[in-house]
Amino acid sequence: MDALMTFDESVYAAVRLIPRGRVATYGQIALLCGNPRASRAVGWALRRNPSPGAEIPCHRVVNREGRLAPAFAFGGPGAQRDLLEAEGVPFFADGRVDLKRCAWYGPKEGGSV
């Protein structure tokens with residue numbers, strides 16, 4: 001995380017990097033931001049997302065099991081799945097995202113955002 005960035009700003013910077021059709025977990029984003037134990041804080045930052053949608057695609061962040069947010073803040077419970085399906089993200093019958101097929105593990109260079 002850049003010393004001049006707030007934690008929320010570093011979360012938004014990391015989420016902007018997730019490619020269309022891919023997802024990352026809250027924990028992965030926390031790790032990229034330099035605070036691997038801050039997955040809950042990532043969730044709160046995304047809830048405050050000032051530019052949801054194409055600019056800061058918070059719908060591409062799921063929990064470690066591939067589960068969606070129980071109350072997606074930007075459009076209701078079904079909106080996150082709709083957005084991900086429109087990008088081609090595969091789901092299991094139980095509603096979880098297939099992380100083996102679409103997980104994104106961060107920039108190839110590694111390190112923090």
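**Close-up views of a predicted model**

**View 1. Asn 49 sits in the loop between α3 (39–47) and β2 (61–62).** Helices (H or I, at least four residues) and strands (E, at least two) are DSSP runs, numbered from the N terminus. This is a predicted model, in which local features need pLDDT of at least 70 and side-chain atom pairs count only at pLDDT 80 or more, while totals for chains, interfaces and linings use all residues. Residues are numbered from 1 along each chain as its sequence is written, and side-chain values use heavy atoms, with hydrogens and water left out. The relative accessible area of Asn 49 is 5%, so Asn 49 is buried (buried: under 20% relative accessible area, exposed: over 50%, 1.4 Å probe, protein chains only). Neighbours within four places in sequence aside, Asn 49 contacts Tyr 12, Ile 56, Cys 58 and Phe 74 (contact: heavy atoms within 4.5 Å).

**View 2. Val 42, Ala 45 and Leu 46 are the buried residues of α3.** Viewed down the axis of α3, these residues fall within an arc of 95°, so they line one face of the helix (arc: directions from the helix axis to the C-beta atoms). They pack against α1 (7–16), α2 and β2. Arg 40 and Trp 44, on the other side of α3, are exposed.

**View 3. The largest pocket is lined by 21 residues.** A pocket is an open set of points on a 1 Å grid over the protein atoms alone, where a 1.4 Å probe fits, with protein on both sides within 12 Å along at least five of seven lines; lining residues have an atom within 4 Å of a point. Nearest the centre of the largest pocket lie Tyr 26, Gly 43, Trp 44, Ala 69 and Pro 70. Six residues, the largest share of the lining, come from α3.
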